[in-house]
Amino acid sequence: MSTKKSLVVIGNGMVGQHFLASLVASQVKDSYHITTFCEEPRTAYDRVHLSAFFSGKTAADLALADDGFFTDNGITLHLGDKAASIDRNSKTVTSAKGVTIAYDTLVLATGSYPFVPPVPGHDRPNCLVYRTIEDLEAIASAAKTSKVGVVVGGGLLGLEAAKALTDLGLETHVVEFAPRLMAVQLDEAGGAMLRRKVEALGLQVHTGKNTTLITDGGQCVNKMCFADGEELETDIVLFSAGIRPRDDIARACGLDVGSRGGIVIDNQCKTSDPAIYAIGECALWNGMIYGLVAPGYTMARTVVADLAGSYASFTGADMSTKLKLMGVDVASIGDAHAKSQGSLVYTYQNGASEIYKRLVVSQDKKQLLGAVLVGEVSGYGTLLQYCLNGIELPENPDSLILPPRSDESVGLGPDALPLTAQICSCYDVTKGAICQAIEAGCSSISALKAETKACTGCGGCGALLKSVLDCELTKRGIEVNTDICEHFPYTRQDLYNLVVVEQIKTFDDLLDKHGKGRGCDICKPAIGSILASYWNEYVLAKEHLGLQDTNDTFLANMQKDGTYSVVPRITGGEINPDMLIALGQVGKKYKLYTKITGGQRVDLFGARVDQLPHIWKELIDAGFESGHAYGKSLRTVKSCVGSTWCRYGIDDSVGLAIELENRYKGLRSPHKLKFAVSGCTRECAEAQGKDVGVIATESGWNLYVCGNGGMKPRHADLFATGLDKATLIRYIDRFLIFYVRTAARLQRTSVWMENMEGGLDYLKAVVIDDKLGLCGQLEQQMQHVINTYQCEWKSTIEDENKLKRFRHFINSDQPDDNVVFVEERGQIRPADEEERKHFKIMEVA
Amino acid sequence: MSWQDVCSVDDLQPDSGVCALVGGQQVALFFMIKDQAVYAVHNYDPIGKANVLSRGMIGDIKGEPVVASPLYKQHFSLRTGVCLEDEQVVVPVYPARIHNGRLEMQVAEPTLIKGSRQEEASV
């Protein structure tokens with residue numbers, strides 16, 4: 001018999017979802033049957049990054065919950081069904097589709113709706129709002145037949161919406177009632193600076209405008225009339241004039257609501273009915289509606305803590321923000337308008353560089369109360385820490401916004417931060433939590449990210465996190481030794497540069513000049529790989545042979561019993577029947593265990609060293625070549641069937657996969673590389689789980705980078721969109737060689753990128769914008785690798801001398817008698833220890 | 001103990017290993033070309049439980065010549081056979097030398113560190 005109580009959550013937006021995720025991560029979940037109503041046709045998605053929808057992200061990319069989240073956690077989800085009414089007497093919720101659920105505890109996370117000013121004509125065609133994915137689809141569809149778009153509202157969301165219209169190719173205007181842009185966050189001078197900057201980017205700004213009528217246009221669909229008599233013709237009118245809490249369901253059942261809307265809550269987020277909580281933008285705390293996601297998350301966690309019986313309270317939230325609006329950096333902290341009594345203001349304005357900074361400090365000049373930054377926001381992290389933690393300001397507070405005139409650093413050292421200082425605001429990670437993780441052994445940014453989740457949201461705290469890490473490691477006396485091993489006091493990247501600069505061609509030469517001892521199984525393969533990446537000579541040449549791991553030495557993959565597996569290349573996973581038959585015949589002749597790999601190839605197991613050349617002779621005669629499954633190099637380019645056969649295919653994914661695989665095959669790299677190409681956004685090739693993933697769209701190829709499966713799967717990042725094939729290949733060339741040049745030993749692209757200062761943006765700057773002026777070199781080097789490709793197996797079987805190695809004994813033709821197979825499911829497998837003993841006894845008898 | 005002729009120096013792989021069958025035993029032979037040094041250890045990897053040590057990479061750890069198992073990467077001293085990661089594990093080692101362009105070794109009694117646990121090597 002179940003004694004569980006019923007918990008119902010109305011609304012599955014960002015805050016509702018955060019509540020569910022926090023709830024199922026806590027002990028409380030075992031006490032409740034959880035039900036949630038979601039009005040939209042899809043579960044929660046990232047509304048903060050909604051405009052990414054126009055730059056190639058799909059609804060699935062923006063989704064917040066994993067596929068299995070609801071079923072795995074036993075949450076009953078009513079999707080596309082709006083909760084219509086609450087009966088507080090019977091404690092039930094009834095939905096629009098007629099479902100009635102009894103609750104013990106009810107959480108309202110109904111969110112907000114966009115405010116549309118009651119201007120006559122506001123419901124005319126092409127008058128739209130910007131809130132949901134459906135809204136965005138409507139905007140995109142209207143934009144197809146439009147030239148001009150107007151955003152009503154020059155706040156945060158308004159400018160975000162304006163970016164979306166600009167991205168859609170429209171002539172874009174912003175109409176704002178207040179006398180400046182971002183009136184809530186910025187002072188007049190900051191707003192003016194922002195205006196100059198966005199105007200320079202092509203946006204037309206109209207402030208102090210009161211719209212009185214929207215009516216038929218002459219050249220455009222609509223015409224807006226303003227109180228000052230001016231008019232503006234536009235095809236699209238996009239309202240982004242603020243939000244209003246969705247409190248109708250609470251109002252209807254008699255809960256207390258504010259005079260201007262919002263469900264009244266106390267510090268535990270309880271409404272006037274103790275069985276009902278409200279969180280997020282629908283909730284009114286202390287007369288405030290919080291229109292940011294972070295305070296909503298805090299409310300969600302408060303409710304989970306309250307349900308768990310532990311003391312927690314919501315006592316307001318910091319509304320500081322830092323963001324990029326249309327490419328312009330803007331930040332606002334605390335009391336930006338200097339409304340606090342007796343506050344003093346410092347201002348720095350640089351008209352030439354279009355930078356504006358303002359500090360608001362307490363009367364005694366000891367505390368930072370607020371700040372505004374436009375055009376240059378690198379000091380945001382430091383200023384926020386001063387403000388939130390009440391750290392005493394330096395003697396001359398203006399030094400914090402003045403450009404440094406000497407080498408002196410005015411930044412706040414991480415050591416000055418208290419342990420309670422919040423480093424990551426997205427996941428509420430304090431300096432204390434980071435120190436704890438470092439204490440427990442995390443010594444890299446990627447380890448800290450994995451352990452604490454810090455810097456995995458917006459990424460804005462990256463530089464601060466790094467400085468805390470460096471400072472703490474130094475304090476603990478941990479010298480971060482980046483030497484590759486005891487033989488070379490260098491990193492892999494250093495060694496790579498030495499090879500290039502001094503044109504070194506052999507390990508012995510490098511060891512003589514820069515190392516000591518005889519080398520080891522760490523530095524040898526790493527340097528072997530560097531030499532192969534740069535010079536691309538035959539890896540089994542006399543001077544390179546000793547550098548190769550056993551897999552490279554025998555050009556096959558060693559298995560647990562000392563036998564090898566063989567994987568010929570099947571480009572793009574495409575194989576004709578004759579080739580397939582040839583593979584089968586080889587497998588049958590040599591009695592090999594045969595299995596299909598995850599990379600769309602065939603793996604043949606159980607080959608003895610002496611059989612390898614014979615097997616490969618037959619494979620090469622049948623038209624196969626080495627698959628490099630043994631090397632740290634490009635493995636496969638997986639593909640879906642693409643537009644050639646598939647009803648949904650947009651482009652020829654198989655053709656591109658084959659072209660890419662043939663282009664990059666044989667490239668030695670710091671770790672293995674896996675690619676995939678999907679012919680449409682259904683993504684059957686799983687390209688977003690690969691080092692390099694390509695997806696066809698109507699407007700060209702989208703390129704994803706730095707994903708992987710394995711022990712720690714990582715979703716790839718969208719790198720560039722709408723590319724033609726030539727550009728796509730150029731970007732991949734540069735990306736790969738930059739990785740080969742700069743990654744650490746056995747570092748996959750994901751970790752490489754995560755540890756790179758500047759991360760994805762920096763990588764884009766290098767590969768797309770050629771920030772380092774390297775792209776020519778990178779492409780040239782790739783071309784060299786392509787020009788010097790050889791099938792290593794073909795070279796090997798043509799060389800009598802090399803074949804001498806492929807014997808178990810140098811002085812006998814006997815095979816290794818320790819290799820014993822038994823049969824299972826009609827194929828061979830290595831005998832286990834028991835079976836082996838039995839076999840030996842039988843043999844002796 | 002007498003030296004037994006095994007093979008020509010030309011049969012060895014410079015800075016790498018090969019396997020020879022000597023007196024019914026599988027012996028891994030390593031040739032460090034710079035020092036003109038040869039080492040002979042049993043080919044059986046007692047941790048990976050397969051005859052593979054001759055296919056491991058060689059080098060030195062703090063001056064000690066070692067082979068790294070190609071299976072799980074433990075290092076074995078080429079002079080004593082002791083596993084650097086677990087001193088309880090030892091592989092048999094044999095005296096070896098280059099004499100008149102030939103590799104010679106003594107095979108009858110493999111040198112063993114006293115008191116250590118010895119995995120039973122397979123022939």
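Reader: What share of the 123 residues of chain B counts as buried?

Author: Buried means under 20% relative accessible area, exposed over 50%, and partly exposed in between, with a 1.4 Å probe and protein chains only. In chain B, 58% of the 123 residues count as buried. Keep in mind that this is a predicted model: local features need pLDDT of at least 70, side-chain atom pairs count only at pLDDT 80 or more, and totals for chains, interfaces and linings use all residues. Residues are numbered from 1 along each chain as its sequence is written, chains are lettered from A and ligands numbered from 1 in the order in which they are written, and side-chain values use heavy atoms, with hydrogens and water left out.

Reader: How many helices and strands does chain B have?

Author: Helices (H or I, at least four residues) and strands (E, at least two) are DSSP runs, numbered from the N terminus. Chain B has zero helices and 12 strands. Its pattern along the sequence reads β-β-β-β-β-β-β-β-β-β-β-β.

Reader: What share of contacts in chain B joins residues at least 24 apart?

Author: Contact means heavy atoms within 4.5 Å. Take the contacts in chain B between residues at least 6 apart in sequence: 42% of them join residues at least 24 apart.

Reader: How many residues of chain B are in contact with chain A?

Author: There are 40 on chain B, and they meet 39 residues of chain A. Then look at buried area, the accessible area (1.4 Å probe) that two parts lose on being put together, summed over both. Between chain B and chain A that area is about 3,100 Å². Carbon and sulfur atoms give 49% of it.

Reader: How many salt bridges are there between chain B and chain A?

Author: A salt bridge puts a side-chain nitrogen of Lys or Arg within 4 Å of a carboxyl oxygen of Asp or Glu. The count here is three. One of them pairs R518(A) with D35(B), whose closest N and O atoms are 2.5 Å apart.

Reader: Which strands of chain B supply the side that touches chain A?

Author: β1 (4-8), β2 (16-22), β3 (25-32), β6 (50-51) and β7 (57-61) of chain B each supply at least two residues. β2(B) gives the most, with six residues. By class, that side of chain B has 19 nonpolar, 11 polar and 10 charged residues. Here Ala, Val, Leu, Ile, Met, Phe, Trp, Tyr, Cys and Pro count as nonpolar, Asp, Glu, Lys and Arg as charged, and the others, Gly among them, as polar.

Reader: What does the domain assignment of chain A give?

Author: Domain bounds come from an automatic or database domain assignment. For chain A, the domains include domain 1 (5-112 + 245-307) and domain 2 (127-241). Their C-alpha centres lie 31 Å apart. In this pair, 13 residues of domain 1 of chain A are in contact with 12 residues of domain 2 of chain A. They bury about 1,300 Å², with 62% from carbon and sulfur atoms. L50(A), S51(A) and F54(A) supply 45% of the area that domain 1 of chain A buries against domain 2 of chain A, more than any other three residues. Two salt bridges are counted between these domains. The side chains of E134(A) and R42(A) also meet in a salt bridge, at 2.7 Å from N to O.

Reader: How many residues of helix α1 of chain A are buried?

Author: Helix α1 (residues 14-24) is mostly covered, with 10 of its 11 residues buried. Among them are M14(A), F19(A) and L23(A). Their cover includes β1 (5-10), β2 (32-38) and α8 (293-307) of chain A.
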